[in-house]
Amino acid sequence: MPAEMNRQILLASRPQGEPVPENFRLVETAIPKAGPGQMLLHTIYLSLDPYMRGRMDAGKSYAAPVGIGEVMEGGAVSVVVESNLAGYSPGEIVVARTGWQEFSLSNGEGGHKVDPALGPISFALGVLGMPGLTAYTGLFNIGKPKVGETLVVAAASGAVGSVVGQIARIKGCQVVGIAGGDQKCRFVKQELGFDECLDHRLPDLAGRLQGACPKGVDIYFENVGGDVFEAILPLLNNFARIPVCGLIAHYNATQPPQGTNRVPQLMREILVKRLSFQGFIVFDFASQFGQFVHDVSGWLRQGRIKYREDITDGLENAPRELIGLLKGENFGKKIIRVSPDPSKR
């Protein structure tokens, strides 16, 4: 066995606003034994994602919250250590909902094997995993891109936004990204090939967006909300489509925003411009996973999609890195390397 104990990170308390390190607790427990119909997994890469902030709250949502004292929710790429589950053998690499821990048990539900031939196995948590599927299905099912249209996506250097923009470019759209900081914007424009990328930290985002989108905006892929959405709203064209997959600007809010009530303005824009807003959760389109992997892995091989990962070593650093992720401190898909990658030995 690679270790004598299983390290886990538990939810110690619910955040009030921004999460703090004290909301988490690192513990050691015995490594579990695989029972009938189970396999024991050893985590290699743990995914950190914005949705995790919502799981820390007790409020009603599309998924049950993490209970106080329970292992934090999360998906991981793992290696099979022991298996009493048909179809899985020791040494195989899988994606599963393991939570924030070094070892976990799985019955195979909600997971799948990873094909190392498609790329680095960590890609199964990003461009070839849940974030990539979010980008692909939200864009095609709700955004419905057409040649010559203008698409805007915020968090453009991140796990979802970077894929949204690159696929839209492949489909013939004019693509404008929004990101935080000059370094991220240079990467989005020069490496990912977006037509433009604007730094939301600089003044007059609304004016700069108008200059970057002279024909208006046909698709706005929403994963941020806040001031970015307010800058976009006046630029939306008739019949614009707005896939809504996240609102990270609001995740740490403890009360409704102060100031003018903008709901009437929003409703008027929806009516007059015949806008289509649709919220979605990636699992709504789970049946499209096979087509997604086929298409995106092909574009990766062809060099038409590029991808950046932000990897930190050590399970104990997951709380700090999630806190930073929610502030936009990551540069690319945020991953914690929990144990050595056997595919790189």
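This is a predicted model: local features need pLDDT of at least 70, side-chain atom pairs count only at pLDDT 80 or more; totals for chains, interfaces and linings use all residues.
Local features were considered only at pLDDT of at least 70 and side-chain atom pairs only at pLDDT 80 or more, whereas totals for chains, interfaces and linings use all residues. Residues are numbered from 1 along each chain as its sequence is written, and side-chain values use heavy atoms, with hydrogens and water left out.

Side chains of opposite charge can pair when their charged atoms come close. The structure holds 17 salt bridges, a salt bridge being a side-chain nitrogen of Lys or Arg within 4 Å of a carboxyl oxygen of Asp or Glu. One of them joins Glu-92 and Lys-113, with the closest N and O atoms 3.2 Å apart. This pair links distant parts of the chain, 21 residues apart: Glu-92 is in the loop between β4 (76-83) and β5 (93-96), and Lys-113 is in strand β7 (residues 112-113). Helices (H or I, at least four residues) and strands (E, at least two) are DSSP runs, numbered from the N terminus. Glu-92 is partly exposed at 25% relative accessibility, and Lys-113 is partly exposed at 39%. Here buried means under 20% relative accessible area, exposed over 50%, and partly exposed in between (1.4 Å probe, protein chains only).

A salt bridge is also formed by Glu-149 and Arg-241, at an N to O distance of 2.6 Å. Glu-149 lies in the loop between α2 (130-143) and β8 (150-154) and Arg-241 in strand β12 (residues 236-244), so this contact ties together parts 92 residues apart in sequence. Both Glu-149 and Arg-241 are buried. Arg-320 and Glu-321 form a further salt bridge (2.8 Å, N to O). Shared partners join Asp-310, Arg-320, Glu-321 and Lys-334 into one salt-bridge network.

Aromatic contacts were assigned to rings of Phe, Tyr and Trp (its six-membered ring) with centres within 6.5 Å; planes under 30 degrees apart count as stacked, over 60 as edge-to-face and the rest as tilted. By this rule there are 10 aromatic pairs. The rings of Phe-24 and Trp-100 are stacked, with centres 5.7 Å apart and planes at 5°. Phe-24 belongs to strand β2 (residues 24-30) and Trp-100 to the loop between β5 and β6 (103-106), so the pair ties together parts 76 residues apart in sequence. Phe-24 is buried at 9% relative accessible area, and Trp-100 is buried at 0%.

Phe-123 and Tyr-307 form an edge-to-face pair, with ring centres 5.8 Å apart and planes at 75°. The two residues lie 184 residues apart in sequence, Phe-123 in the loop between β7 and α2 and Tyr-307 in the loop between α8 (289-301) and β14 (309-313). Phe-123 and Tyr-307 are both buried. Ring pairs also link Tyr-136, Phe-140, Phe-289 and Phe-292 into a cluster.

A charge was taken to sit over a ring if NZ of Lys or CZ of Arg is within 6 Å of the ring centre and within 35 degrees of the ring normal. Arg-308 lies over the face of Phe-187, 5.6 Å from the ring centre. The charged end of Arg-308 also sits over the ring of Phe-331, at 3.6 Å from its centre.

Most residues other than glycine have a negative phi. Ala-155, in the loop between β8 and α3 (161-170), has a positive phi of about 50° and is partly exposed at 38% relative accessible area. Arg-274, in the loop between α7 (263-273) and β13 (276-279), has a positive phi near 55° and is partly exposed at 40% relative accessibility.
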